[in-house]
Amino acid sequence: MDSQTEARIRESFAKQAMMMTLGAELEAITTGEVSIRAPILPIARQHTGHAHAALSFAIGDTAAGYAALTVMPEGSEVVTAEIKINLLAPADGDYLLATGRVVKPGRRLIVVTSTVTAVTGTQRRDVAILQGTMMAL
């Protein structure tokens, strides 16, 4: 991946107020794949103490969107055209890690997927998967 694309993604991510509110950070950026790490803060917990599904959705969608952006030309932007989530297990842990990947790039539509993993120490457990389509602007 070229440094301009990585800088463009980092600059865009820094403007995401919701990601800042959730304490999310970019973990890794490579061509076709982006990972976002978010702590499970008290504001992102549901009534049972687990991370709320909205946290998994937000970081999973964002990771997938930025993964799509890594394969787009300079000056492009992407938005989510559609995305779905399957919740696999309660999201308990020290933090969540969402890894978005490009499944099939296109000029206007990019098919993406994202896996959200709960991490506690060295233990990892997939808690959600997302599948969607990003649209190039």
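Which two strands form a hairpin with two residues between them, and which residue in the turn has a positive phi?

Tutor: The model is a predicted one, in which local features need pLDDT of at least 70 and side-chain atom pairs count only at pLDDT 80 or more, while totals for chains, interfaces and linings use all residues. Residues are numbered from 1 along each chain as its sequence is written, and side-chain values use heavy atoms, with hydrogens and water left out.

The hairpin is formed by strand 1 and strand 2, with two residues between them, and Gly 32 in the turn has a positive phi of about 85°. Here helices (H or I, at least four residues) and strands (E, at least two) are DSSP runs, numbered from the N terminus. Strand 1 is joined to strand 2 (residues 33-39) by five bridges, and the two run antiparallel; two strands count as paired if DSSP finds at least two bridges between them. Within this pairing Ile 29 stands opposite Val 34, and Ala 28 has Ser 35 as its bridge partner.

Altogether, six strands form an open, antiparallel sheet in the order 1-2-4-5-6-3. Strand 1 (25-30) and strand 3 (78-87) stand at the edges with a single partner strand each, so one side of each is left without a neighbour in the sheet. On average, neighbouring strands of this sheet are turned by 20° against each other, direction ignored.

Helix 1 (residues 3-14) packs on the sheet, where it touches strand 1 and strand 2, and its direction makes about 160° with that of strand 1. Contact means heavy atoms within 4.5 Å, and axes are lines fitted to C-alpha atoms, for helices over the stretch in contact, with angles running from 0 to 180 degrees between N-to-C directions.

Strand 2 is also one of the strands that helix 3 lies across, and helix 3 runs at about 40° to strand 4. Helix 3 is mostly covered, as 14 of its 17 residues are buried, where buried means under 20% relative accessible area, exposed over 50%, and partly exposed in between (1.4 Å probe, protein chains only).
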